Amino acid sequence: MRSGIRILQVSDSHLSRQAPHADENWLAVVEHARATRPDLVVHTGDVTLDGASSATDLEHARALVDRLPVPWLTVPGNHDIGDVGDTQDPVTAARTARYGETLGETSWTRSVGGWQLVGVDLQTLLADLPSTEPLWEWLESTLDGSSPTALFLHRPLVPLATDHVDEPSRYVTEPGRGRLMQLLAAGDVRLVASGHVHQWQTADVGPVRHVWAPSTWAALPDRIQPVLGRKVVGVVEHTLYADGQSTSVLVQPEGVRQLVIADDFESPYSH
């Protein structure tokens, strides 16, 4: 039987004492991980409801993530450390440092099963901070093409259908996108796994498979966000094989409720 490294990708959990539905679904994801025992869990951002402003949310999220029965890694999202170009809620060095102190390294690399796994703090990568250019240099040296690579980041790089609007709040914008695409081409990146959109979608862009993980918390209603893939609550199970091939499967764990923000409960962001 063909075997490989099993990675459970989770995203957009929005954990907080102010979001009990998010916490309840997360605990169902934890039980799924306990039953299936992946080799690693990777969280692709928006771990918290508002960790950018609330140390309490970060601490609460850490306690819940620690319930996972297997090793885990995260990258931060806009709700965790602020967003690029958002003057009201910007990504800052202080917010990033606080996230790192609570949830661990914000960019990282691991070698497993002949693959290189790379997680990058996209918020900082696209910002204008003293740490931005050193992070680009680190990423360039890390994506060295020595082995098939899976890249984990919060925001999708590109729309995955020609009729989807290239919305700046949804995708990586230029000039960062072009620079990242050049690194993917040089670095033998086979898989780009992201979150942010709260929808499941997958497509090949050239030799690279792009996979969007849905939220473990809730989907967004159509009146707020267009349908870009499948609006579902769940997780993604990636299997990475030694020959450089991979599979990515959407899973709706038992006990995870299929919720829609502002329809099934009042949005905590409405306050």
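A: Ring pairs link Trp217, Phe265 and Tyr269 into a cluster, where rings of Phe, Tyr and Trp (for Trp, its six-membered ring) pair if their centres lie within 6.5 Å, and planes under 30 degrees apart count as stacked, over 60 as edge-to-face and the rest as tilted. This is a predicted model, in which local features need pLDDT of at least 70 and side-chain atom pairs count only at pLDDT 80 or more, while totals for chains, interfaces and linings use all residues. Residues are numbered from 1 along each chain as its sequence is written, and side-chain values use heavy atoms, with hydrogens and water left out.

By the ring rule, the count comes to four aromatic pairs. In one of them, the rings of Trp217 and Phe265 have centres 5.6 Å apart and planes at 35°, so this pair is tilted. Trp217 lies in the loop between strand S9 (208–212) and strand S10 (235–240), and Phe265 in the segment after strand S11 (246–251), so the pair ties together parts that are 48 residues apart in sequence. Helices (H or I, at least four residues) and strands (E, at least two) are DSSP runs, numbered from the N terminus.

The rings of Trp217 and Tyr269 have their centres 6.2 Å apart with planes at 65°, so that pair is edge-to-face. Here too the loop between S9 and S10, which holds Trp217, is tied to the segment after S11, which holds Tyr269, and the parts joined are 52 residues apart in sequence.

As for how covered these residues are, buried means under 20% relative accessible area, exposed over 50%, and partly exposed in between (1.4 Å probe, protein chains only). Trp217 counts as buried at 1% relative accessibility, and Phe265 counts as buried at 10%, whereas Tyr269 is partly exposed, with a relative accessible area of 37%.

The segment after S11 also holds Ala262, which has a positive phi of about 75° although it is not a glycine; at 36% relative accessibility, Ala262 counts as partly exposed. A positive phi, of about 60°, is also found at His198, again not a glycine. His198 lies in the loop between strand S7 (189–194) and strand S8 (201–205), and with a relative accessible area of 5% His198 is buried. Another backbone detail is the cis peptide bond that joins Glu174 and Pro175, with omega about 5°; Pro175 lies in the loop between strand S6 (149–152) and helix H7 (176–186).

Turning to the whole, the protein chain has seven helices and eleven strands, and its C-alpha atoms fill a box of roughly 50 × 45 × 40 Å, taken along the principal axes. With 271 residues, a compact globule would have a radius of gyration near 18 Å, and the 17 Å of this chain agrees; the radius is taken over C-alpha atoms, and the globule rule is 2.2 Å times the number of residues to the power 0.38. Buried residues make up 57% of the 271 residues in the protein chain. Of the contacts (heavy atoms within 4.5 Å) with a separation of 6 or more, 70% are accounted for by residues 24 or more positions apart.
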